[in-house]
Amino acid sequence: DLGFGDLSCYGQEKFETPNIDKLAQEGMRFTQHYTGSPVSAPARCVLMTGMHSGHAQIRYNNEMAYRGATNDHDSMFVHKELEGQYPLKANTMTIGRMIQNAGYTTGCFGKWGLGFPDSEGTPNKQGFNQFYGYNCQRQAHTYYPAFLYKNEERVYLKNKVINPHLARLGKDEDPYDPQNYKRFEQEEYANDLIFDELMSFVDENKQKPFFLMWTTPLPHVSLQAPERWVQHYVKKFGDEEPYTGKAGYGICRYPHATYAAMISYFDEQVGKLIQKLKAENLYDNTLIIFTSDNGPTFNGGSDSSWFNSEYGWGKCFLHEGGIRVPAVMVWKDKIKPGSETDHICCFQDVMPTLAEIISVTCPPTDGISFLPTLLGNKAGQKEHEYLYWEYPDPKIGNKAIRMGKWKGIITNIRQGNTEMQLYDLDADLREEHDVAAQHPDIVAKFRQLMEESSTPDPNRVGL
């Protein structure tokens, strides 16, 4: 849920991300890079398989509620069959499997969300030698879970089972008193544990080629961060209104400070990883790709508008704020330091790019390698004719096309809307001025492309 404006190297002024900014200084900053979907599981599916959301196996955060109490944390603790999301099919050619087949040791650390425990979609069955983190994205709604997964096995933590969506203060408890939040504090912060495991992975594999995929859940709500970082921003921002849980995901005495703290804490970890790579003489021979799965959220006390975004233009929507995400890439002596590109690319392009880099045949994808852009060969870079997204949210439902400067969107499809909005992104990046009536030819072409770009959803939740 890291938005385009959530990094200081992309214009954020209220908090600092010095380590990620340094990556931008040492590499290339993308200004028109897109995720595969405006929410996590389908975005990761596009990234992992190279198929856009009109062809992807997973197109929605479907929790498979027919299994039972899938949102009950106590039930999930007892019955692991209630965890997780729709699985990738067996033997799917993922990025992990492609790179693993090329002789690399592969590891994934963070949030998975592409297959429930014991299914064919777990990380170890989809091309990763090692995994540590959350299998289920609902478990990742708290950073103090009762358990995580190491490969296929649960690892139980010194935390109680607390459903963050039910955590509330009592009627007689003062929400302005920080002491009243103390009883919700727990011992083991998942992001510390995940980071320790990925650093161990680097140590264990530093003498051979490795592929490390760090899918941190930060800064997804709930708002939970190390106290030292929270207090850093309390001192900077001053006192503020508490978040009392009206939009789910727990409670928080200092929501603005905690949101900023989560990102700064993650930035600090990025710095430690880079320092480790340099100390082990790995940095100069490592391609680093930093990006986000979707735009900023609108719930859980995050108050994205305070950080320069707003509801409808972020997560869950196909406006630019929901799918245009930060992307920074570093590769010493290959990528020009301090460079910037406006090349239009998307998550489905990562797989063919990595295939070209490691000199293997890429499986069929919807992507185009952007390696020429990384190497500064603008003349040799192929371009997409257009990019397509669909998001079959059961309440909303959106489709979008990006072609050159034009962006076409159909929103609220589930509510019966069929009208397309059209925006000129060169003149109207916030998509506030619909010009569909002035360009019926473009609208007609986009409708045709939308029809041609979508195949039936294998999980039957498609548009």
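Predicted model: local features only at pLDDT ≥ 70, side-chain atom pairs only at ≥ 80, totals over all residues.
Colleague: Happy with that. Which helix do the buried residues of H6 pack against?

Modeller: Helices (H or I, at least four residues) and strands (E, at least two) are DSSP runs, numbered from the N terminus. Buried means under 20% relative accessible area, exposed over 50%, and partly exposed in between (1.4 Å probe, protein chains only). In helix H6 (residues 227-237), the buried residues are Trp229, Val230, Tyr233 and Val234, and they share one side of H6 because they cover an arc of only 140° around the axis (taken from the directions from the helix axis to the C-beta atoms). Through contacts, meaning heavy atoms within 4.5 Å, these buried residues pack against helix H7 (255-279).

Colleague: Why would residues three or four places apart point the same way in an α-helix?

Modeller: It comes down to the geometry of the turn. Residues at that spacing point the same way because an α-helix has 3.6 residues a turn.

Colleague: What is the phi of the residue that follows H6?

Modeller: The residue after H6 is Gly238. Its phi is positive, near 85°.

Colleague: Asn91 has a positive phi although it is not a glycine; is Asn91 buried or exposed?

Modeller: The phi of Asn91 is about 65°, and Asn91 is found in the loop between H3 and helix H4 (95-101). With 64% relative accessibility, Asn91 counts as exposed.

Colleague: And what is the relative accessible area of Asn412?

Modeller: Asn412 is not a glycine, yet has a positive phi of about 55°. Its place is in the loop between strand E14 (406-410) and strand E15 (421-424). Asn412 is partly exposed, with a relative accessible area of 30%.

Colleague: How far apart are the closest N and O atoms of Glu390 and Arg59?

Modeller: A salt bridge here is a side-chain nitrogen of Lys or Arg within 4 Å of a carboxyl oxygen of Asp or Glu, and a search of the whole structure finds 23 of them. Glu390 lies in strand E12 (residues 387-391) and Arg59 in the loop between helix H2 (40-49) and H3, so this pair ties together parts that are 331 residues apart in sequence. Glu390 is buried at 1% relative accessibility, and Arg59 is buried at 2%. Their closest N and O atoms are 3.1 Å apart.

Colleague: Which residues are linked with Asp203 in a network of salt bridges?

Modeller: Side chains of opposite charge can pair when their charged atoms come close. In this network, Asp203 is linked with Lys206, Lys276 and Glu280.

Colleague: One last stop: what separation do the C-alpha atoms of Phe131 and Phe211 have?

Modeller: Phe131 lies in strand E4 (residues 130-134) and is buried, with a relative accessible area of 2%. Not counting residues up to four places away in sequence, Phe131 touches several residues, including Cys108, Trp112 and Tyr149. Phe131 and Phe211 are 80 residues apart along the chain, and their C-alpha atoms are separated by 12 Å.

Note on methods:
Residues numbered from 1 in each chain as written. Heavy atoms only, no water.
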